[in-house]
Structure formats: structure tokens, C-alpha cells
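Welcome! Here is a short briefing to read alongside the structure, moving from a pair of helices to some aromatic rings.

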Amino acid sequence: MPKTTALTGPSNSSSDLAGIASDAAEKGMVEYLKDVEYAEALVQWLHDETNISKTALRIAVKLFAQLVAQAASGAGALAGTAFLKVLERTYDALPGTNRITAAIRSVIERFSREQMALGEFTRWLDEHRTTDPDDLRQYLTVELQAARESLERLEEIIDLLQPQPHLDIPLERDTRDNRFLFAARKVEFVGRERHLAVLDEFLSSGESFTWWLAAGPGGTGKSRLALEMCLRLGAGWRIGFLRGHHSFAWETWQPNQATALVVDYANEEAKRVGEMIGVLRGRADNGELRCRVRVLLLVRDAEGEWRQRFLEGQVNRPRIERARYAEPLMVDPLSDDDLWTVLRSFVSDGGRLPEREETLRRLLEIDPLRRPLFASFAGDAINNGHDLRGWDQDALVRDILDQ
């Protein structure tokens with residue numbers, strides 16, 4: 001992440017994440033957020049990282065403080081790592097929530113001072129969390145309610161005057177039902193640092209508009225890679241998975257900041273995706289885009305028949321091809337070490353892991369493509385007491401479906 005302003009409030013003694021983490025750990029999260037100057041330092045840092053307005057961020061931080069204080073008073077001292085759960089579970093209604101969550105995650109992951117309270121606090125959250133954003137009003141003062149309503153009206157007016165495509169950063173709670181979803185992030189993200197590095201280069205390249213393919217068979221982790229790109233590399237970008245692009249007016253769209261669009265399963269709607277890219281390429285050539293735009297397409301086969309539909313109707317196909325950033329980014333098979341890390345993540349604490357080499361040999365017989373999804377399935381089966389000997393892919397998948 002880029003260097004930012006000092007994060008430690010009045011002392012002004014640090015300019016990196018470690019400063020805010022150590023101060024919050026030393027003072028306790030509740031006391032830290034009560035301190036106006038410390039909270040303002042946090043607002044400044046979040047603003048630098050996300051480009052979200054300071055007004056929205058001040059409301060967010062004040063809401064954090066109120067929620068954290070209420071949680072602490074009801075469940076003992078607040079666990080540092082549990083603070084993020086407040087973010088992810090309670091205040092979806094505030095503007096820029098996903099980007100705030102992504103930015104502050106890197107702070108929260110650097111400290112966990114009061115681990116003993118985590119269990120209590122998690123139980124408290126489960127009892128008190130709300131699925132209805134309107135219920136959050138009970139946590140807000142009259143002043144903050146008015147400010148939030150004003151912001152919402154302002155967002156609506158801005159959207160009417162200059163509509164932006166709907167982008168989503170999908171994050172799900174890690175539950176039994178969600179455990180295999182990439183958005184739950186149950187599995188440690190391993191074996192993809194090279195891919196993130198080249199995606200960073202893709203985002204930071206100088207072109208006004210460019211697009212790229214990330215390709216690999218189902219289960220290789222393309223969607224997870226794109227999600228991590230959004231969370232780790234998205235500072236300063238309006239970034240996320242594109243939703244509802246069919247009816248969006250790309251011919252008149254004016255991005256209000258640098259924007260990166262992830263199109264998952266792009267091959268399934270190849271013609272419309274091709275039309276979108278054709279329009280954006282033409283507008284970029286004419287100097288009509290005020291901010292940089294990137295489009296990342298996720299497909300299973302970089303050279304599949306979908307490419308014909310993708311280019312269908314394009315008057316100048318070579319121009320579209322020239323707008324591609326580079327040859328397709330192939331999402332590689334995982335190494336033995338990384339496969340073992342993924343498999344292990346599904347075996348509960350205290351569970352008995354079988355012998356590594358023999359287990360990996362059986363896994364590769366089931367899935368020679370070395371995909372993290374099948375390593376997850378295998379770990380789940382082992383956790384349920386099954387022996388993989390004699391199993392094939394169908395048996396492994398049936399075991400998941402039968403649960």
C-alpha cells in the first residue's frame with residue numbers, strides 16, 4: 001500500500017500500519033476510538049487508502065466506536081481481531097463499506113491483544129447482529145442519523161447525474177454452508193503472489209483503457225484471485241465484480257475515478273461483454289474517458305469457442321485485440337506445499353491428518369490439475385473421517401452433496 005500520513009494521533013510518531021495497530025492494542029480499541037484525535041488519524045489514513053470522503057469515514061468510525069463500546073460493555077474486553085467482524089456483519093448501509101473493510105483489514109490482522117474475549121464477543125455478535133441495515137439506526141445518535149440520511153440522498157443525486165456501474169466485492173461469513181465459496185475466504189490464499197504482482201502491473205499500466213483475461217479450469221481459484229486483487233490492490237480504485245452490465249449505458253458512462261471491472265464467467269455472456277469492451281475501447285481512443293478503466297475477464301478456456309461470440313459484431317477486431325493488456329494470465333496448478341495448506345485448512349483443530357505424501361498422491365490421482373477446490377473437498381472428507389483410497393472425483397463430489 002502507498003505511504004500515508006501519520007496514524008498515531010497526537011504523538012505523530014509513526015507513518016505505517018504498525019503505529020495504529022500498536023496504539024490501538026496499547027490503549028484498547030474502545031479507548032482508542034473514543035479519542036477524537038486518534039479517530040481522526042484513522043479517518044485520514046482510511047481516506048488516503050480508499051479515496052472515500054472523510055465525512056462518510058467519520059460517520060463510519062463513530063459508528064465503530066458506538067458498536068465497539070456496546071459490545072465491550074456486554075461481553076468484556078474487546079478482542080482486536082473481532083473488531084473486523086463488527087465491520088463485516090453490522091453496517092452494510094454506509095457508503096464504501098467494502099473498501100473500508102478491505103483497508104482496515106490490514107490493520108486488524110496486525111494485532112489481537114485480547115484473544116480471551118474473542119469467544120464471548122463472537123457469541124454476543126451472533127445474538128445482536130442485524131441483517132436489516134435499517135436496524136442500525138438504533139446505534140446512531142440523532143446527529144449521525146441525519147448525516148447518514150443526507151449522505152444517502154447525496155449518493156442518489158450523484159448516481160442520477162453520473163450513474164456508475166454496480167460493482168460488488170463479495171464477502172461471505174465462513175459458515176458450514178459457505179465453506180467452499182471463494183467469498184468466504186476459508187482457505188489461506190497461497191501460490192498466487194506472482195499472479196497478484198502481474199495484476200498490480202495491469203492496474204497501474206499507463207493506458208486509458210485495457211482489458212485482460214485470467215483463465216483456468218473450474219476450481220483453480222480464478223474468482224478468489226480476482227477477489228484478492230480487489231482487496232489488496234484496490235486502494236485508489238473503484239473496483240469489484242461487475243453486476244447488471246446488460247442494461248448499463250456504456251456509451252455515455254463517465255467514470256468518476258479510476259475503475260476496474262471484474263467480469264466472472266465472461267464466456268457465458270461473451271457477445272455482450274465483447275460489445276461493452278468495444279464501446280469502451282472506442283471511447284478511450286476518442287479521449288472520452290476521464291479516468292483509467294480496466295476490465296478483467298475470468299474464463300475457463302482462453303481459446304474457447306466463446307471468443308467468436310466475444311468478437312461478433314466488432315467492426316475493428318484488431319483494435320479490440322490490441323487493447324488487450326497481454327497474453328492470457330493462466331491460473332497455475334498449486335504446488336504440493338500449497339495443496340497441503342489448502343487441504344489442512346479443512347481439518348478441524350485437533351483433527352488427525354493422514355500421512356502427507358500418501359494423501360497428496362491420492363489427491364493427485366483424483367485431480368491431476370491440482371486445483372484448490374478439490375484439495376478443499378479432500379480436506380473436508382478427511383475431516384469427516386473418510387479414507388480417500390479408491391475414490392475418484394465423482395465419489396468426492398458425491399460426498400459433499402450428501403452432507
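This is a predicted model: local features need pLDDT of at least 70, side-chain atom pairs count only at pLDDT 80 or more; totals for chains, interfaces and linings use all residues.

Residues are numbered from 1 along each chain as its sequence is written, and side-chain values use heavy atoms, leaving out hydrogens and water.

**The helix pair**
- Helix α9 spans residues 193-204 and α10 residues 222-233 (helices are DSSP runs of H or I, at least four residues, numbered from the N terminus).
- Their axes lie 10 Å apart at an angle of about 60° (lines fitted to C-alpha atoms over the stretch in contact, with angles from 0 to 180 degrees between N-to-C directions).
- Among the contacting residues are Leu196 and Leu199 of α9 and Leu225 and Met229 of α10 (heavy atoms within 4.5 Å).

**Aromatic rings**
- The count of aromatic pairs is 12 (Phe, Tyr or six-membered Trp rings with centres within 6.5 Å; planes under 30 degrees apart are stacked, over 60 edge-to-face, the rest tilted).
- Tryptophan 306 and phenylalanine 310 form an edge-to-face pair, because their ring centres are 5.5 Å apart and their planes at 65°.
- Both tryptophan 306 and phenylalanine 310 are buried (under 20% relative accessible area, 1.4 Å probe, protein chains only).
- One aromatic cluster is formed by Phe180, Phe346, Phe374 and Phe377.

Note on methods:
Buried means under 20% relative accessible area, exposed over 50%, partly exposed in between (1.4 Å probe, protein chains only). Helices (H or I, at least four residues) and strands (E, at least two) are DSSP runs, numbered from the N terminus.
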